[in-house]
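I opened this notebook to record what I looked up in one structure. The entries follow the order in which I turned to each topic.

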Amino acid sequence: MVGPLHAVGIDTVAELAEAGPDRPADWNGEPFADAVLRARAHRDGEIVVPKVARPTIPRADIEVDVDLESHLDDGAYLWGTLLTLRDGRPLDEEGYRAFATWAKLPHPDEGRSFAEFWRWLTAIRRRAEGQGRTFRAYCYSKSAENGWMLSTASRFGPDGAVVVVPGVPSVAEVRRFLSSPQWIDVHQAVTSQFVSTSGLGLKVVAPVAGFHWRDPEAGGEASIGWYRDAQAARGVERDAGRTRILAYNEDDVRATRAVREWIARG
């Protein structure tokens with residue numbers, strides 16, 4: 001978009017940061033106000049800045065953050081959850097829970113671990129409803145979670161294309177949950193209300209919100225290697241690999257919570 005900017009005398013980031021609200025002729029990129037705000041962030045040394053007066057995100061009495069780990073296209077081997085009770089009333093033990101399979105994927109045990117995750121999540125939702133309490137679950141960029149929930153249900157649910165695993169929901173049941181107001185994409189809330197000089201992925205936004213991963217090598221690509229190591233190794237090395245993956249997954253759900261709480265603080 002250099003041409004339209006040059007035509008109105010804007011040649012540097014500093015000049016763009018000082019631009020007014022009027023969009024240059026022939027500008028057809030992102031909203032011009034976002035480009036100006038990003039230029040100001042570059043100028044001021046900021047990474048993530050709001051583009052609305054007061055950012056918001058839906059909250060609930062009972063909140064669950066969700067993050068999955070998958071190995072390429074072989075399957076989802078881990079569903080991590082973080083339960084937070086915001087109203088202070090007892091419901092279940094707060095904190096991190098992992099529902100995992102360490103079988104070599106693809107394997108029907110993937111269905112078993114997902115069924116355990118789904119039963120737990122459904123029980124939390126129903127208890128909340130029965131007690132007149134609000135419930136929401138959160139993920140960071142729902143494309144992965146949505147895709148693997150639907151895929152697992154289609155392969156291992158009541159009409160399983162691979163094998164039927166008890167407790168795995170139907171595709172229709174999963175779709176109802178994913179389309180409900182109880183399922184919140186934190187990444188979507190971020191992209192609609194913030195701009196960034198370095199992208200808006202979880203590894204960028206969470207540190208701005210004050211969260212830091214314990215493992216200096218934390219990342220999706222690294223976790224693929226850890227999973228392979230945990231599959232190939234035996235004994236202490238195998239256990240260490242699994243522990244590392246679980247710690248990384250726990251940090252991911254805690255990072256998701258940190259981001260949405262940061263948004264809620266405005």
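Predicted model: local features only at pLDDT ≥ 70, side-chain atom pairs only at ≥ 80, totals over all residues.

**Entry 1. Backbone exceptions**

I located Ser141 in the loop between strand 5 and helix 5 (142–156); helices (H or I, at least four residues) and strands (E, at least two) are DSSP runs, numbered from the N terminus. Residues are numbered from 1 along each chain as its sequence is written, and side-chain values use heavy atoms, with hydrogens and water left out.

Ser141 is not a glycine, yet I read a positive phi of about 75° for it.

I noted Leu72 next, in the loop between strand 2 and strand 3. Leu72 also has a positive phi, of about 50°, although it is not a glycine. With a relative accessible area of 44%, Leu72 is partly exposed.

I then looked up the peptide bond from Leu105 to Pro106, which is cis, with omega near -5°. Pro106 sits in the loop between strand 4 and helix 4. I recorded these cases because most residues other than glycine have a negative phi, and most peptide bonds are trans.

**Entry 2. The sheet**

In what order do the five strands of the open sheet run? I read the order as 4-3-2-5-6, with mixed pairing; two strands pair if DSSP finds at least two bridges between them. Strand 4 (95–100) and strand 6 (183–185) are the edge strands, each with a single partner strand, so one side of each has no neighbour in the sheet. From one strand to the next the twist averages 25°.

I followed strand 5 (residues 135–139) to strand 6 and found parallel pairing over three bridges. Tyr138 stands opposite Ile184 in strand 6.

**Entry 3. Helices on the sheet**

Helix 4 (residues 109–130) lies across strand 2 (62–71), strand 3 (75–85), strand 4 and strand 5, and I noted its direction at about 20° to strand 3. Axes are lines fitted to C-alpha atoms, for helices over the stretch in contact, and angles run from 0 to 180 degrees between N-to-C directions. Helix 10 packs on the sheet as well, touching strand 2, strand 3, strand 4 and strand 5, with a direction that makes about 140° with that of strand 2. Contact here means heavy atoms within 4.5 Å.

**Entry 4. Helix 4 with helix 6**

Two packed helices are described by the angle between their axes and the distance between the axes. For helix 4 and helix 6 (residues 171–178) I read axes that come within 13 Å and cross at roughly 50°. The two helices are therefore oblique to each other; angles under 35 degrees count as roughly parallel, over 145 as roughly antiparallel, 65 to 115 as roughly perpendicular and the rest as oblique. The crossing of helix 4 and helix 6 is left-handed, a term for the near helix being turned anticlockwise from the far one by less than a right angle.

I listed Trp118, Leu121 and Arg125 in helix 4 as meeting Glu173, Val174 and Phe177 in helix 6. By class, this contact has four nonpolar, no polar and two charged residues. Ala, Val, Leu, Ile, Met, Phe, Trp, Tyr, Cys and Pro count as nonpolar, Asp, Glu, Lys and Arg as charged, and the others, Gly among them, as polar.

**Entry 5. Helix 7 with helix 10**

At what angle do the axes of helix 7 (residues 186–193) and helix 10 (residues 235–264) cross? I found roughly 40°, with the axes coming within 10 Å. Helix 7 and helix 10 are therefore oblique to each other, and helix 7 passes helix 10 in a left-handed crossing. Val186, Ala189, Val190 and Gln193 in helix 7 meet Thr256, Val259, Arg260 and Ile263 in helix 10. I sorted the residues of this contact into five nonpolar, two polar and one charged.

**Entry 6. The chain overall**

Buried residues make up 47% of its 266 residues.

Methods:
Buried < 20%, exposed > 50% of the residue type's maximum accessible area, 1.4 Å probe, protein only.
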